[in-house]
Amino acid sequence: MMGIRSGCGATAARRGWQWLCLLWVAAALALAGCSDSPPPAPQISVQPSDTAAAVGQAATFSVTASGPDIAYQWQVSSDAGSTWADLPGATSASYTTDVLSLADSGRRYRVVVAAAGVELTSSAVTLTVTPAVVAPAIT
């Protein structure tokens, strides 16, 4: 029974047993934080929506998503969604276009949301660009 008795005695054998117990408890606590289940996949709760803006203005698209350490990548398609290209630097929950021209009308936008090794693509939305409204001149 060397070193296993109760009380506050500090024998060398008891100190070794205490360290063994502390290591076991630390390992158990570390394993308690582990899980066989994967982290939650990202979820999109609010999809982007079709947007209209006038020539000379910018348009903003946004998405609401949840998940651990979410990453965003907005994409654009100029061929009705057949092919998609990443928009450089468009890596947040919202994306604002450059100043628009009529040639931008009809472009499609979507965002890829990634978390926990899972990618989820939003619905694709359409940008409509309208001619700029010019007030009549008073002469």
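**View 1. Overall fold of the predicted model.** The protein chain contains one helix and 10 strands. This is a predicted model. Read from the N terminus, the order of elements is α-β-β-β-β-β-β-β-β-β-β. The chain has 139 residues, and 24% of them are buried. Its accessible surface is about 9300 Å². Carbon and sulfur atoms hold 60% of that surface. Among contacts with a separation of 6 or more, 57% join residues 24 or more positions apart.

**View 2. Confidence along the chain.** The average pLDDT is 83, and 75% of the residues reach at least 70. Residues 1-13 have pLDDT below 50. Beyond near neighbours in sequence, this stretch makes 10 contacts in the model. Residues 19-32 also stay under 50 in pLDDT. For residues 19-32, the model has zero contacts beyond four places in sequence. Where pLDDT is low, the predicted coordinates should not be read in detail.

**View 3. The largest nonpolar core.** This core comprises 19 residues. F61, W74, L87, Y95, Y109 and L127 touch the most other members. Strands β5 (71-77), β8 and β10 (125-130) each supply two or more residues to the core.

**View 4. Surroundings of Y109.** Leaving out residues up to four places away in sequence, Y109 touches F61, Q75, V76, W84, L87, Y95, T97, S123, A124, V125 and L127. Y109 is buried. Y109 also belongs to the group of core residues that touch the most other members.

**View 5. Aromatic pairs and the F61–Y109 stack.** The whole structure holds four aromatic pairs. In one, the ring centres of F61 and Y109 are 4.6 Å apart. Their planes meet at 25°, so the pair counts as stacked; the cut-off for stacking is under 30 degrees. F61 sits in strand β3 (residues 60-62) and Y109 in strand β8, so the pair ties together parts 48 residues apart in sequence. Both F61 and Y109 are buried. F61, W74, Y95 and Y109 make up one aromatic cluster.

**View 6. D104 in its loop.** D104 lies in the loop between β7 (94-96) and β8 (108-115). Its relative accessibility is 12%, so D104 counts as buried; the cut-off is under 20%. Not counting residues up to four places away in sequence, D104 touches V99, L127 and V129. Of these contacts, L127 is also a member of the largest nonpolar core.

Methods. Residues are numbered from 1 along each chain as its sequence is written. This is a predicted model: local features need pLDDT of at least 70, side-chain atom pairs count only at pLDDT 80 or more; totals for chains, interfaces and linings use all residues. Side-chain values use heavy atoms; hydrogens and water are left out. Helices (H or I, at least four residues) and strands (E, at least two) are DSSP runs, numbered from the N terminus. Buried means under 20% relative accessible area, exposed over 50%, partly exposed in between (1.4 Å probe, protein chains only). Contact means heavy atoms within 4.5 Å. Accessible areas come from the Shrake-Rupley method with a 1.4 Å probe; for residues, only the protein chains shown count as cover. pLDDT is the predictor's confidence in each residue, from 0 to 100. A nonpolar core is a set of buried Ala, Val, Leu, Ile, Met, Phe, Trp, Tyr and Cys residues joined through side-chain atoms within 4.5 Å. Rings of Phe, Tyr and Trp (its six-membered ring) pair if their centres lie within 6.5 Å; planes under 30 degrees apart count as stacked, over 60 as edge-to-face and the rest as tilted.
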